[in-house]
There are 2 protein chains.
Amino acid sequence: MTETRVERKERTRRAILDAALHLCEDSSLVALSLRQVAKEVGIVPTAFYRHFESIEALGLALVDESFVSLRAMLRDVRRGEGAADGFAGIVDSSVSILVEHVHQQRQHFRFIARERAAGPPSVREAIRHEIELCERELATDLARLPGTEQWSGEDLRVLSNLIVTAMVATAESILTASGRPDVERQLAENARTQLRMVLIGAMQWRSRP
Amino acid sequence: MTETRVERKERTRRAILDAALHLCEDSSLVALSLRQVAKEVGIVPTAFYRHFESIEALGLALVDESFVSLRAMLRDVRRGEGAADGFAGIVDSSVSILVEHVHQQRQHFRFIARERAAGPPSVREAIRHEIELCERELATDLARLPGTEQWSGEDLRVLSNLIVTAMVATAESILTASGRPDVERQLAENARTQLRMVLIGAMQWRSRP
DNA sequence: CCTGAGAGTGCACAGTCGTTCACCGAAGCA
DNA sequence: TGCTTCGGTGAACGACTGTGCACTCTCAGG
């Protein structure tokens, strides 16, 4: 036996997380039963409690995990912005990275999109908080862009909220359009257009005193 | 007895719809049981089938009903646009009307926001379709605005998608911020700023040939 | 080597679930 | 007036739910 005990435990924990993620693909956390998860994992229902004290706790763990994926995406986006030249380049690369990550981490994005609106209150709150953090990060990024020197912090936050909202919506449409590459390409192109429109508006913007 | 039979039936049907709407306030359709609804209404579970063949069918009825509210809002918005002078006026009145309607029809907006992401597939599809219709309507409205004469139909749709997305997000935040008037006022102000930013961007926009 | 911790088992419980069926009683039509 | 239609009833079913408890077996540490 080359597997230590904590490794075994971790493996089962992962299996539970994966099973929940899989079962959540076409339902919601609030409609997910402990016994379904246990059956999917291949353990007895009561063994579930060795890892999580409730489905809700499982949900919070999944939120943490999902936002690790999401932050990895933001990191890639930032890297792309550094490399790209001009606004058009930033927009193109950012949307491409979004599409790519949505594909690679489909389950995580799907989970967030669904539970953001329908999950247990604590899960909703956790997701809301994480997204707010993302908006804050984006706001500080935007502050470094040329043309925003005179902006108020307030306006930066409002703009980044708009951008995040649009990108979340784009991710959601890509998820529902999954499997039709032409539709997806169109959605990505639309997202690029929207980003360009918003940035053009932003360039003209002057914060009120 | 001054109540005819079809009236009685309609009254029960309404009671079922209201009960479902009420129970959905802090859960989701997929986690809603036929028996809960029946108990809330005060009828026996099997009587439910006299009105709907399943919870899913109930959901579709609620979608129809909710979008009646939503279209009433759009009608008010359009009327406000006719009266208002200038972009600023249009933006101000539109957001005010949105806030007002979200308050008046809280349950309908909450239902749509939740089931849009988490409902049964058919319900999600129905909501998606209705929202797309709204986007189409908005696109034709935008086409009448000065400055959009040269726009492609494509770009009009993309812009209206952006606006609808932002407004849906605003409605959702207002719903979660419910009860804190200062927070709500701030959200409304942010929505106005976002709309202005977008419209400024749109004014500069020229569709590619 | 012995012992204790702890992941996983098996059974049992009291509820709840959707759905079936036969039935009732009053409204509506002839 | 009598007959039909139909919204609502009540019991019953088999399946599924979360959770408690006593148990086993095995790995890790003294």
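Predicted model: local features only at pLDDT ≥ 70, side-chain atom pairs only at ≥ 80, totals over all residues.
View 1. DNA strand C is surrounded by 18 residues, where a residue is near a strand if one of its heavy atoms lies within 4 Å of it. The closest are Thr12(A), Arg50(A), His51(A), Arg35(B) and Tyr49(B). By class, this surface has five nonpolar, seven polar and six charged residues; Ala, Val, Leu, Ile, Met, Phe, Trp, Tyr, Cys and Pro count as nonpolar, Asp, Glu, Lys and Arg as charged, and the others, Gly among them, as polar.

**View 2. Phosphate contacts of DNA strand C.** For His51(A) the corresponding distance is 2.6 Å, and for Tyr49(B) 2.5 Å. Of the atoms of DNA strand C within 4 Å of the protein, 44% belong to sugar or phosphate and the rest to bases.

**View 3. Contacts of DNA strand D.** Leu34(A) places a backbone N or O atom 2.6 Å from a phosphate oxygen. A side-chain N or O atom of His51(B) is 2.6 Å from a phosphate oxygen, whereas a polar side-chain atom of Arg50(B) lies 2.3 Å from a base oxygen.

**Notes.** Residues are numbered from 1 along each chain as its sequence is written, and chains are lettered from A and ligands numbered from 1 in the order in which they are written. Local features need pLDDT of at least 70, side-chain atom pairs count only at pLDDT 80 or more, totals for chains, interfaces and linings use all residues, and side-chain values use heavy atoms, with hydrogens and water left out.

Note on methods. Polar contact = N/O pair within 3.5 Å; in protein donor to acceptor, adjacent residues only side chain to side chain.
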